[in-house]
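This report describes selected contacts and packing in the structure shown below. The account moves from single residues to helix pairs and then to the interface between the chains.

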Amino acid sequence: MKAVEPPLIEARTITQRFGARPDLAAKIALGLKLAKPAPVVHALDGVSLSIRSGEVVGLVGESGCGKSTLGRVIAGIATPTGGSVFWKGVDRNTMSAAEQKEAGLATQMIFQNPMAALNPRMTIEELIWEAPKTHGMATATECASYVDNYLTLAGFDPSMKTRYPHQFSGGQRQRVNIARALAVQPKFLVCDESVAALDVSIQAQVINLFMDLRERLDLTYLFVSHDLGVVEHISDRVAIMYLGRIVEEAPVEDVFRRPNHPYTRALLAEVPRIETGKRRFKAVEGELPSPLDPPKGCHFHPRCPFAMERCRVEVPVRKEIAPKHLSACHLNG
Amino acid sequence: MTALLQVRNLVTEFGGAKGRSGIRAVNDVSFSVERGRVLGLVGESGSGKSVTGFSIIRLLERPGRIASGEILFDGVDLSRNSEEEMRRLRGKRIAMVFQDPTVTLNPVLSVGTQMIEAVLAHESVSKDIARQRARDALGLVGIPSPEERLAAYPHQFSGGMRQRVAIAIAFLHKPDLIIADEPTTALDVTIQSQIIAEFQKLTEETKTAVIWITHDLAIVSRLADDIAVMYAGRLVETGPVSEVLNDPRHPYTAGLIASVPSQNQRGERLRQIDGMTPALNRLPQGCSFRRRCERADDGCLVIPELAPSGDRSFRCIHPVTKVSAS
């Protein structure tokens, strides 16, 4: 029997807290009960997510739910307070320096604001060439053809490569970011709101590019987005986050046809669809509570129309309610 | 009945001076809005949709200026109004809600102070009455414990609550017209729906006419009565929202609708519009959409008129029809 292949990347019980570490004076003040402990933001609260090779996973939630923090932890550019990330079944913390570098190069990230991600003083060619040169992926004589190849792959005209980022539109700049990420031959891309800042017609072009690249380069994606329409279109599997926890996780059809968690249902009612016939907007009440002081029990209970006494005290566990369909809600028993 | 607002052949330019024309951000735009109706003004960045809004309320900053055209508001041409006349209208009969409420609210004044100021700017009432009005307005837009919140400063509100404050200020004088420039773009989807719900409720009660400026066709489809689509400074299609979205005639409108992910089969390539919006100082000859359009031919080298057909109009000599699209 063949052993089950480990997921390409797996985050296990990741916790991420942000807050000032008390210095000596603060410790003394705390000890003497002269001061209150500094506020701590619980950005991630024991989150686990695994992604198989070739899969596109959509990570959805509202601002402040921790989706970008999880994306950054999985991409390896943020160190979590607790928990670990496994690359091909190996804990990244236990890897040798060389292995860590290899896993790091295989994972690349594409950000929301394409201008902020590009050094304005470097030409497009320099931007693309910097990383492959540093990592010895090609020799100086191959530079031109190497850069042209990746720019073409990202749908960017290589004859413009001697220009600077400010000379291009947002969509073109995002193509440069994609080319730069591809230039180190990654296996896995974390896209953090990568199409959110683009106009509708350009957004469609970049989404199509992501889908083409998946086919051609056999890429795996974590697609972090607040836009359910985009996530529904591109993902195989979707994870819904609310205030530092994943509340539901399932194949894309299940999430959109048979949503289980009340929060998912509320979010789905807001999927941007063009449907004519004027109708009244009706929305889930309340706002995302502060992650400084999250509600006890299920984080969603203050906004949930089905909340029971149990939801106020006990944190619901994620359970498999159908094959591969996980949901963390007390309504499931 | 004449419409509350009639914009006729509006041209707004940036730069240029007498005799020389500048960059035309708004080019020969005409539309009208009736009381109690919502017009969705749709376009991508740089299409001129926001500049149209700023032109109507006359908040253009130099070097922007209205070069020609009329903006008839209740029979008065706003483009000829003095600054003093405009000041009396703004906030009183025409209000504006902007995308980013952190920019519109003064960070060093409490919300109450700003709202009382807005009441007193147009009405001579006592401070107590103004305060009451401000409190009631906050309650109307769904802000809990409005009395206490009057003393709070903008930074003590969340983004959604701040936008509610901005909307409460816009509705303080029950204006005839509200220009809303992407008021929900920066907000999360659940908050976005809450804000739009409040907005719908208030405009129906007060019979306020609304120009809702957005790039989001999904919002327009559910909120607006009429739609006007802009491309590179010009209107390319107008009409009742259900007719235009179900049966677009201009290839740009059709392309825009088709590129929304929910209009496509999951996992398949999105139907995209190739190329990008041309820069306003380098527009192609003839129809501005020509170079991105599959239907374009030599006939498109002349700018087509915005041709009316029933209560709709479109600017294209090779319009899309339902039959040809399928």
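Apart from neighbours within four places in sequence, Leu198(A) is in contact with Gly170(A), Gly171(A), Gln174(A), Gln203(A) and Val206(A). The model is a predicted one. Leu198(A) itself is found in the loop that runs between strand S7 (188–192) and H7 of chain A. Is this residue, Leu198(A), buried or exposed? Leu198(A) has 22 C-beta neighbours inside 10 Å and therefore counts as buried.

**Helix pairs**

Helix H6 (residues 170–182) and helix H7 (residues 200–217) of chain A have axes that come within 10 Å and cross at roughly 15°. H6(A) and H7(A) are therefore roughly parallel to each other. The crossing of H6(A) past H7(A) is right-handed. On the H6(A) side, Gly170(A), Gly171(A), Gln174(A) and Ile178(A) take part, and they meet Ile202(A), Gln205(A), Val206(A) and Leu209(A) in H7(A). This contact of H6(A) with H7(A) comprises four nonpolar and four polar residues, with no charged ones.

In chain B, the axes of helix H4 (residues 111–122) and helix H5 (residues 127–140) come within 9 Å and cross at roughly 115°. That angle makes H4(B) roughly perpendicular to H5(B). Here too the handedness can be stated: H4(B) passes H5(B) in a right-handed crossing. H4(B) contributes Gly112(B), Met115(B), Ile116(B), Val119(B) and Leu120(B), while H5(B) contributes Lys127(B), Ala130(B), Arg131(B), Arg133(B), Ala134(B) and Ala137(B). By class, the residues of this contact of H4(B) with H5(B) are seven nonpolar, one polar and three charged.

The two pairs are set out below.

| Helix pair | Axes come within | Crossing angle |
|---|---|---|
| H6(A) and H7(A) | 10 Å | roughly 15° |
| H4(B) and H5(B) | 9 Å | roughly 115° |

**Buried positions in chain B**

Phe289(B) is placed in the loop between H11 and strand S11 (307–309) of chain B. With 25 other C-beta atoms within 10 Å, Phe289(B) is buried. Not counting residues up to four places away in sequence, Phe289(B) touches Tyr231(B), Val236(B), Pro251(B) and Tyr252(B). Its C-alpha atom is 8.2 Å from that of Ala232(B), a residue 57 places away in sequence.

Helix H1 (residues 49–56) of chain B is mostly covered, since seven of its eight residues are buried. Among the buried residues of H1(B) are Lys49(B), Val51(B) and Ile56(B). Just after H1(B), Arg58(B) adopts a positive phi of about 60°.

**Nonpolar core**

In soluble globular proteins, nonpolar side chains tend to be buried together. The largest nonpolar core in this model has 171 residues, and those with the most contacts inside it are Ala179(A), Phe223(A), Ile240(A), Leu39(B) and Trp212(B). Beyond residues up to four places away in sequence, Trp212(B) touches Val38(B), Leu39(B), Gly40(B), Leu41(B), Ala180(B), Val220(B), Leu223(B) and Ala224(B).

**Interface between the chains**

At the interface, 38 residues of chain B are in contact with 36 residues of chain A. On the chain B side, helices H8 (189–206), H9 (217–223), H10 (241–246) and H11 (251–258) are the elements that give two or more residues. The largest share, eight residues, comes from H8(B). The residues on this side of chain B divide into 15 nonpolar, 17 polar and six charged.

Key: Residues are numbered from 1 along each chain as its sequence is written. Chains are lettered from A and ligands numbered from 1 in the order in which they are written. This is a predicted model: local features need pLDDT of at least 70, side-chain atom pairs count only at pLDDT 80 or more; totals for chains, interfaces and linings use all residues. Two residues are in contact if their C-beta atoms, placed from the backbone, lie within 7 Å. Helices (H or I, at least four residues) and strands (E, at least two) are DSSP runs, numbered from the N terminus. Ala, Val, Leu, Ile, Met, Phe, Trp, Tyr, Cys and Pro count as nonpolar, Asp, Glu, Lys and Arg as charged, and the others, Gly among them, as polar. A nonpolar core is a set of buried Ala, Val, Leu, Ile, Met, Phe, Trp, Tyr and Cys residues joined through C-beta atoms within 7 Å. A residue is buried if 20 or more other C-beta atoms lie within 10 Å of its own, exposed if 12 or fewer, and partly exposed in between; C-beta atoms are placed from the backbone. Axes are lines fitted to C-alpha atoms, for helices over the stretch in contact, and angles run from 0 to 180 degrees between N-to-C directions. Angles under 35 degrees count as roughly parallel, over 145 as roughly antiparallel, 65 to 115 as roughly perpendicular and the rest as oblique. A crossing is left-handed if the near helix is turned anticlockwise from the far one by less than a right angle, and right-handed if clockwise.
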